[in-house]
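Here are my notes for your next pass through the model. Please keep the sequence and the structure open side by side as you read.

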Amino acid sequence: MMLRDRIRVLLVGSGEIARRVHLPYLLSQPWQPEILVTDRDPSVAERVAVEFGTRAHRGSIASARAQIVVICTPAASHADLAVEALAAGMHVICEKPLAIAAGDARRVAEASRRHGRRVFPCYTNRYRQDVEILRDLLASKRIGRIRELSAQWTRRHGVPGTQGGLAAGVLWDLGSHLADLALHLTGWSGEVTAFAAAASPAPVDEGVAPWYGGTWCGESRPAAENRAEGPAEDTVHALARVAGHGVVRLLVSWNQQGAGDEVCLQAVGTRGVAELRTVFGFSPDRQRIEGPCVRVSDPRNARWQVVLDRQSREPVEYRRQLDVAYASMTGADPPEAADLDVAVRSVTLCDAFARSLATTSSVAATLA
Ligand SMILES: NC(=O)c1ccc[n+]([C@@H]2O[C@H](COP(=O)([O-])OP(=O)(O)OC[C@H]3O[C@@H](n4cnc5c(N)ncnc54)[C@H](O)[C@@H]3O)[C@@H](O)[C@H]2O)c1
C-alpha cells in the first residue's frame, strides 16, 4: 500500500486494553496504519505514544481526521464517544460493553445507520474457536431446541486493576460478555423478564486486590489510585426468561476464591445438553486448564461425547476479532449487521439485570 493510502486510526483511551491488545495489533499489520493515540489525560497519551512509537493527538475526535476510531475508555463513555466519531464520518471499533444503558446502545446503532458508518463491538469471546464450535453445534439442532442457556465466569481472585474494568462492576465487566454470548449462541430476542442478585462482597486484602497481583499484567500492575476503597460488589447471579424461547442464567464473579478461573457455557435442549468448559481472557489459568473443551450428551448411552478436546491456551481471540473488525472497516469483508444487533440486545439484557440489582425487583425489557 502506498504511503498516501495509509489508513489513519485514532485510539481513544490509552490504558490497559489499548496497550495490551489494540496497539500491538495495529503495529504488526502489513497495511501499516497511521496511528494516533489520545486520552482524557494528555500525559498518558504522550507516554503511550513514545512507548509505541506513535503520535499523540490533542483535540476533538473529528479534528484527528481518522478513518477508524477505536474506543478503549471505561464503559460509561463508550456510547457518547461512538456517536461523536460516527457523526464525524468515522467507522468505530468499540471495546465492550457497547454501552451501559439500552437506550445508549440503540443510539449508537441509529447513528451508525444515519451516518452510514460501521460499528464493531469487541465482544471478543465470539471469536474463540471453541465458541464457534459450540455455536455450530447448537445451530445443527443436535440437542434439539434450546430451552436454557447457562453461563458462568468465575475468577479465583481477578478483580480488575484498571478503572476501565473496576468502574463498570462485575456485571458489565464479565457479565456483558456472557449476556452477549447467550444471545449470540441462541439467537433469542423478544420480551424478557430479568432478575439479578449480588452476593455480599467478600472481604479481601487492601480493599479490592488487583488482578493476580499484577504478575500477568507485567508492568501494567495497577496503580494504588485504581484500587477500590473497600470491598466491591464482586459476584452477581442473574436469571432471565425470554418469552417464547427459554431461560438465560448467568453467574459472574471476580473473586470466588476457588481453585482456578473457569468459564462454563451450557445449553440445555429438548434432545440433549451441550457445554463448553474453559478459561477466558488473559487469565494465567489458561495455561493449566485440562480436560475436554466442548462436549455434548449422547442420549443413546447417557454419556458425554467430546466434540473438542483441545484447550486454547493463548488469547488468540483478541487478534482474530480485530482481523474481522478491520476487514469489515476497510471493505475487505461486508460487515455483519446482525453482530451489532446482538450487541444492542445484550446491552439491553445487562441493563435489565443492572436495574434489577438496583431495585431488587424483576425488570421487563424488549430485546428488539
Ligand atoms: N474485550 C475484552 O475482553 C476487554 C478486556 C479488557 C478491557 N476491556 C474494555 O476496555 C475498556 C477499557 O478498559 P482498560 O482496562 O483499558 O481501562 P484503563 O482504565 O486501563 O484505561 C482507560 C483509559 O481511558 C482514559 N479515559 C477515560 N475516559 C476518557 C474519555 N472520555 N476520553 C478519552 N480517554 C478517556 C483513561 O484516562 C485511561 O487512560 C473497558 O470498557 C473494558 O471493559 C475489554
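Is Trp-31 buried or exposed?

1. Trp-31 is buried, because its relative accessible area is 17% and the cut-off for burial is under 20%. Bear in mind that this is a predicted model. Trp-31 sits in the loop between helix 1 and strand 2 (34–38). Its side chain makes a polar contact of 3.1 Å with the side chain of Gln-29. Arg-6 is 25 residues away in sequence, yet the C-alpha atoms of Trp-31 and Arg-6 are 7.3 Å apart.

2. Stay with helix 1 for the next residue. Ala-18 lies in this helix. Ala-18 counts as buried because its relative accessibility is 0%. Leaving aside residues up to four places away in sequence, Ala-18 touches Leu-11, Gly-13, Leu-23, Pro-24 and Cys-72. Look at Cys-72 in particular. Ala-18 and Cys-72 are 54 residues apart in sequence, but 6.0 Å separates their C-alpha atoms.

3. Now the ligand. Which residues come nearest to the ligand? Of the 21 residues around it, they are Ile-17, Asp-39, Glu-95, Thr-124 and Thr-162. By class, the shell holds 7 nonpolar, 9 polar and 5 charged residues. Domain 1 (3–123 + 319–335) and domain 2 (126–313 + 348–367) each supply at least three residues to the shell.

4. Check the polar atoms around the ligand next. Glu-95 places a side-chain N or O atom 2.8 Å from a nitrogen atom of the ligand. A polar backbone atom of Arg-40 is 2.9 Å from a ligand nitrogen atom. Thr-73 also uses its backbone: an N or O atom there lies 3.2 Å from an oxygen atom of the ligand. On its own, the ligand has 870 Å² of accessible area, and the protein covers 84% of that area. Two elements give two or more residues to the shell: helix 1 (16–27) and helix 6 (163–166).

5. Thr-186 deserves a look. This residue is found in helix 7 (residues 169–186). Thr-186 counts as buried because its relative accessibility is 15%. What does its side chain reach? A polar atom of the Thr-186 side chain lies 2.7 Å from the backbone oxygen of Ala-182. A polar side-chain atom of Thr-186 is also 3.2 Å from the backbone nitrogen of Trp-188. Beyond residues up to four places away in sequence, Thr-186 touches Ile-146 and Leu-149.

6. Next, the backbone geometry. Most residues other than glycine have a negative phi, and most peptide bonds are trans. Start with the peptide bond from Lys-96 to Pro-97, which is cis, with omega near -10°. Pro-97 is placed in the loop between strand 5 (91–95) and helix 4 (102–115). Glu-95, listed above among the residues nearest the ligand, falls within the range of that strand 5 (91–95).

7. Two residues need a check on phi. Arg-65 is not a glycine, but its phi is positive, near 45°. Its place is in the loop between strand 3 (55–56) and strand 4 (68–71). Arg-65 counts as exposed because its relative accessibility is 64%, and the cut-off for exposure is over 50%. Thr-360 has a positive phi too, near 55°. That residue is found in the loop between helix 9 (337–359) and strand 15 (363–367). Thr-360 is exposed because its relative accessible area is 63%.

8. Last, the chain as a whole. How many helices and strands does the protein chain have? Its secondary structure comes to 9 helices and 15 strands. Of the 368 residues, 53% are buried. Among contacts with a separation of 6 or more, 73% join residues 24 or more positions apart. The accessible surface of the chain comes to about 16200 Å², and carbon and sulfur atoms account for 50% of it.

Key: Residues are numbered from 1 along each chain as its sequence is written. This is a predicted model: local features need pLDDT of at least 70, side-chain atom pairs count only at pLDDT 80 or more; totals for chains, interfaces and linings use all residues. Side-chain values use heavy atoms; hydrogens and water are left out. A residue is near a molecule or strand if one of its heavy atoms lies within 4 Å of it. A polar contact is a pair of N or O atoms within 3.5 Å; within protein, one must be able to donate a hydrogen and the other to accept it, and residues adjacent in sequence count only if both atoms are side-chain atoms. Accessible areas come from the Shrake-Rupley method with a 1.4 Å probe; for residues, only the protein chains shown count as cover. Helices (H or I, at least four residues) and strands (E, at least two) are DSSP runs, numbered from the N terminus. Ala, Val, Leu, Ile, Met, Phe, Trp, Tyr, Cys and Pro count as nonpolar, Asp, Glu, Lys and Arg as charged, and the others, Gly among them, as polar. Domain bounds come from an automatic or database domain assignment. Buried means under 20% relative accessible area, exposed over 50%, partly exposed in between (1.4 Å probe, protein chains only). Contact means heavy atoms within 4.5 Å.
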